[in-house]
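Here is my note on the model you sent. Please read it with the structure open.

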Amino acid sequence: MPGLARHRRAHKGTGRLSERGGDHGDHRERGDVPGWVMITLMSAVLVAALLALAGPALEGLFNQAMDKVGQ
């Protein structure tokens, strides 16, 4: 990556450091952690709600299938 190498050479002598202690060329985007937490939480709530609503019907289907297999 010639452009990145040029960028690092251009800023090498400035002494400017990023918040994590590296030079500006080492900064990597880490993503939006609170957004991922919210998506995970909402997914868990959705699964729990579906299970609460469909649980008895699924249990009935399972019991019917086991009865047929056992005959």
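The points below go from the whole chain to single residues.

1. This is a predicted model: local features need pLDDT of at least 70, side-chain atom pairs count only at pLDDT 80 or more, and totals for chains, interfaces and linings use all residues. Residues are numbered from 1 along each chain as its sequence is written, and side-chain values use heavy atoms, with hydrogens and water left out.

2. The chain has two helices and zero strands (DSSP runs, numbered from the N terminus: H or I of at least four residues for helices, E of at least two for strands). Of its 71 residues, 1% count as buried (under 20% relative accessible area; exposed is over 50%, partly exposed in between; 1.4 Å probe, protein chains only). The chain exposes about 6700 Å², by the Shrake-Rupley method with a 1.4 Å probe. Carbon and sulfur atoms supply 64% of that area.

3. Helix 2 covers residues 33-70. One of its 38 residues is buried, so helix 2 lies largely in the open. A kink of about 55° sits at Ala54, shortly before the proline Pro56. The bend is the angle between axes fitted to the seven residues ending at a residue and the seven starting there.

4. Ser43 is in helix 2. Ser43 is partly exposed, because its relative accessibility is 40%. Its side chain reaches the backbone oxygen of Ile39 at 2.9 Å.

5. Met42 is also a helix 2 residue. Met42 counts as exposed because its relative accessible area is 52%. Together with Met38, Leu41 and Val45, Met42 forms a nonpolar surface patch of about 410 Å² accessible area.

Notes:
Polar contact = N/O pair within 3.5 Å; in protein donor to acceptor, adjacent residues only side chain to side chain. Patch = residues over 30% accessible without salt bridge, like charges linked within 9 Å, V, L, I, M, F, W, Y side chains within 5 Å. Salt bridge = Lys/Arg side-chain N within 4 Å of Asp/Glu carboxyl O.
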